[in-house]
Amino acid sequence: MCGIVGYIGHRDAHSIIIKGLQRLEYRGYDSAGIALFDGKDINVTKTKGKVSDLQDKINSENNTVGNIGIGHTRWATHGVPNDINSHPHYSNSGDLVIIHNGIIENYASIKKELSNRGYTFQSDTDTEVLVNLIEDVQKNGNYKLGKAVQIALNQVVGAYAIAVFDVKKPNEIVAARLGSPLAVGVGDGEFFIASDASPFIEYTNNAIYLKDEEMAVIRIHKDTKIRKVKDDKLVDPYVQTLKLNIEQIEKGGYEHFMLKEIFEQPSAIKDTYRGRLNVNKGIIKMAGVEDNLEKFLNAQKITIVACGTSWHAGLVAEYVFEDLARIPVEVEYASEFRYRNPVISNKDVVIAISQSGETADTLAAIKLAKEKGAFVFGICNVVGSSISRETDAGAYTHAGPEIGVASTKAFTTQITLLSLIALRLAKAKGSISNSDFKRYLIELEMIPEKVEEVLKSDALSKHIADIYKDVSNFLYLGRGFNFPVALEGALKLKEISYIHAEGYPAAEMKHGPIALIDENMPIVVIATKYGHYEKIVSNIQEIKSRKGKIIGIVTKGDTEVKAIADHVIEIPETSELLSPLLTTIPLQLLSYHIAVLLHKNVDQPRNLAKSVTVE
Ligand code: G6P
């Protein structure tokens with residue numbers, strides 16, 4: 001993962017880079033560093049810790065001068081997080097500095113060769129090996145930086161987004177990507193480099209997204225030249241005008257991005273169905289689906305590949321697609337799918353779900369599915385991301401930037417989009433009655449205001465969080481459409497509060513988890529009106545007779561669960577199929593408040609990263 005930022009122009013590079021790194025901290029935050037060219041020397045400051053620690057160190061070292069610089073916020077792969085392993089890394093001569101996001105898989109053999117030739121290494125990183133390889137190429141062939149970078153990259157195996165600076169040629173930065181995202185912001189006589197557009201959006205809306213195996217030589221006051229790393233072919237830069245604005249990537253008065261994003265769900269869900277759902281006309285329309293309707297309808301099965309929270313959205317979709325469209329669905333962890341020999345052919349449709357559109361395992365799963373001839377449809381949030389480009393067709397969730405590492409609005413908008421697709425296919429197949437179709441359209445349109453209503457339970461969630469914040473274990477139970485919500489609820493709690501939690505289908509409880517239940521165990525049970533209600537009530541009785549504490553998520557007006565549960569949070573009535581869009585909200589709030597009460601770093605939980613661009 002890691003976030004990278006670079007600047008070359010007339011402004012103060014230090015403040016642009018620090019602010020940019022703060023916006024990219026969702027990508028990694030175990031160490032950070034900056035290199036600034038002060039007109040004579042390149043000065044590096046780096047440290048274990050967060051960007052705020054880097055800022056303190058920069059202040060104490062007084063390293064703030066320069067109009068050219070590169071910066072990095074790290075999520076460690078090779079080498080523990082410490083000052084030395086932090087980026088930027090110098091080459092042996094001290095002339096080159098590099099920042100890198102990715103993994104150089106064959107770094108050990110390159111390191112050995114370079115060591116034999118007298119190179120020494122300070123850090124345990126693959127990145128320091130790469131910068132020395134570039135230096136070695138440059139020296140042996142007397143090459144310019146761009147050429148040396150290109151030759152070196154042709155020798156490496158792995159993934160990279162890099163920015164390299166040469167003190168001997170201080171008017172340029174060379175950037176390249178393979179597998180890790182990289183955008184070049186094009187300003188007026190100035191350029192920005194970043195893992196996403198957030199570091200430069202307040203300066204320019206014009207961006208070039210490098211494609212895999214492309215490199216850019218960025219020169220002050222000159223046009224950026226983009227080439228293919230492999231064959232040196234020049235590529236016409238495609239400058240996109242971005243719609244993103246600065247308010248979207250700031251906290252807007254909320255204490256944390258996660259809370260802001262939880263509260264954005266009513267508008268995010270609306271943005272997902274806007275222009276696609278038309279209740280008056282009784283239609284659902286999505287270009288990516290319409291253009292490929294036959295492929296979906298003729299599919300012998302749909303395989304959904306994803307990771308993390310997106311995988312949970314896929315599980316909800318499995319229930320929805322099978323129920324409405326009667327098409328068999330399998331949901332696979334992308335990381336497993338890519339390494340087995342899946343039975344996939346040109347009769348299959350594969351749906352890849354990814355908030356970031358950059359998850360390495362999901363990308364690899366897509367490549368495999370395409371090799372096997374499947375039609376691959378992408379569901380991403382980040383516009384222009386790698387997955388949106390690699391897939392045959394797709395649709396964006398339009399949830400807006402999600403910065404908090406624990407995914408919230410991405411989940412509900414993915415479910416919204418997948419439900420729209422399932423409904424559209426059901427309609428085309430005739431597997432849904434006209435009246436049911438119409439009813440779902442109306443219900444879906446009403447979801448944002450119902451989410452708004454659930455959000456009013458925030459104070460109650462906080463109260464419950466306060467009671468249970470010190471326990472060591474939580475259980476989450478749900479059935480049918482809400483079983484994946486139980487998994488997601490448990491994941492949210494683990495991710496940000498570090499409390500162990502497990503999600504289970506409620507009926508499976510008696511095959512193991514029941515052994516864990518005692519008076520110290522809180523159990524969140526999703527017990528909505530239409531979801532096998534009587535069965536769940538029996539499960540709750542079984543828990544109560546073992547003294548477990550019940551936090552019930554129930555439909556408004558419920559009396560039965562209320563009578564036996566320790567706490568209940570109500571959600572407005574909706575069909576069971578759409579209920580995950582509501583039941584998930586109190587679970588997000590509960591995790592959020594527990595983490596805040598435990599003084600955890602909600603937006604940047606330890607060891608995690610927002611976008612996992614390594615295997
Ligand atoms: C990381 C994030 C999760 C996310 C998962 C998949 O683990 O921390 O929140 O669900 O990656 O990410 P994607 O961008 O592919 O949805």
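How far does a polar side-chain atom of Ser-310 lie from an oxygen atom of the ligand? The distance is 2.6 Å. Please keep in mind that this is a predicted model.

Let's stay with the ligand. Ser-354 also brings a polar side-chain atom to an oxygen atom of the ligand, and that distance is 2.6 Å. Thr-309 works through its backbone. A polar backbone atom of Thr-309 is 2.9 Å from an oxygen atom of the ligand. How much of the ligand does the protein bury? Taken alone, the ligand exposes 380 Å². The protein buries 91% of that.

Now the shell. There are 14 residues around the ligand. Ser-310, Ser-354, Gln-355, Ser-356 and Thr-359 are the closest. By class, eight residues of the shell are polar, four are nonpolar and two are charged. Which element gives the most to this shell? Helix α10, residues 308-325, does, with three residues.

The ligand takes up the space of the second largest pocket. So what about the largest pocket? The largest pocket holds about 970 Å³ of space. Its lining counts 40 residues. Closest to the centre of that pocket are Leu-244, Asn-381, Val-382, Val-383 and Pro-401. The lining of the largest pocket splits into 15 nonpolar, 13 polar and 12 charged residues.

On to cavities. How many cavities of 30 Å³ or more does the structure hold? One. The largest cavity has about 60 Å³ of space. Here is the lining of the largest cavity: Cys-2, Arg-74, Trp-75, Thr-77, His-78, His-87, His-100, Gly-102, Thr-125, Asp-126 and Thr-127. Two elements to look for here are strand β6 (96-104) and helix α4 (126-141), which each give two or more residues to that lining. By class, the lining of the largest cavity has seven polar residues, two nonpolar and two charged.

Keep your eye on His-87. Is the peptide bond from His-87 to Pro-88 cis or trans? That bond is cis, with omega near 0°. For context, most peptide bonds are trans. Where is Pro-88? Pro-88 is in the loop between β4 (68-74) and β5 (89-90).

One more backbone point. Glu-213 is not a glycine, yet Glu-213 has a positive phi of about 65°. Most residues other than glycine have a negative phi. Glu-213 is in a loop too, between β11 (206-209) and β12 (214-219).

To recap, with the structure on screen. Start at the ligand, with Ser-310 at 2.6 Å and Ser-354 at 2.6 Å. Then find the largest pocket, with Leu-244 among the residues closest to its centre. Finish at the cis bond from His-87 to Pro-88 and the positive phi of Glu-213.

Note on methods: Residues numbered from 1 in each chain as written. Predicted model: local features only at pLDDT ≥ 70, side-chain atom pairs only at ≥ 80, totals over all residues. Heavy atoms only, no water. Near = heavy atom within 4 Å. Polar contact = N/O pair within 3.5 Å; in protein donor to acceptor, adjacent residues only side chain to side chain. Areas by Shrake-Rupley, 256 points an atom, 1.4 Å probe, with all protein chains shown as cover. 1 Å grid on protein atoms, 1.4 Å probe; cavity = no way out; pocket = protein on both sides within 12 Å on 5 of 7 lines; lining within 4 Å. Sits in = over half its atoms within 2 Å of the grid points. Helix = DSSP H or I, 4+ residues; strand = E, 2+ residues; numbered from the N terminus. Nonpolar A, V, L, I, M, F, W, Y, C, P; charged D, E, K, R; others polar. Points joined across faces, edges and corners; volume = space filled by probe spheres on them.
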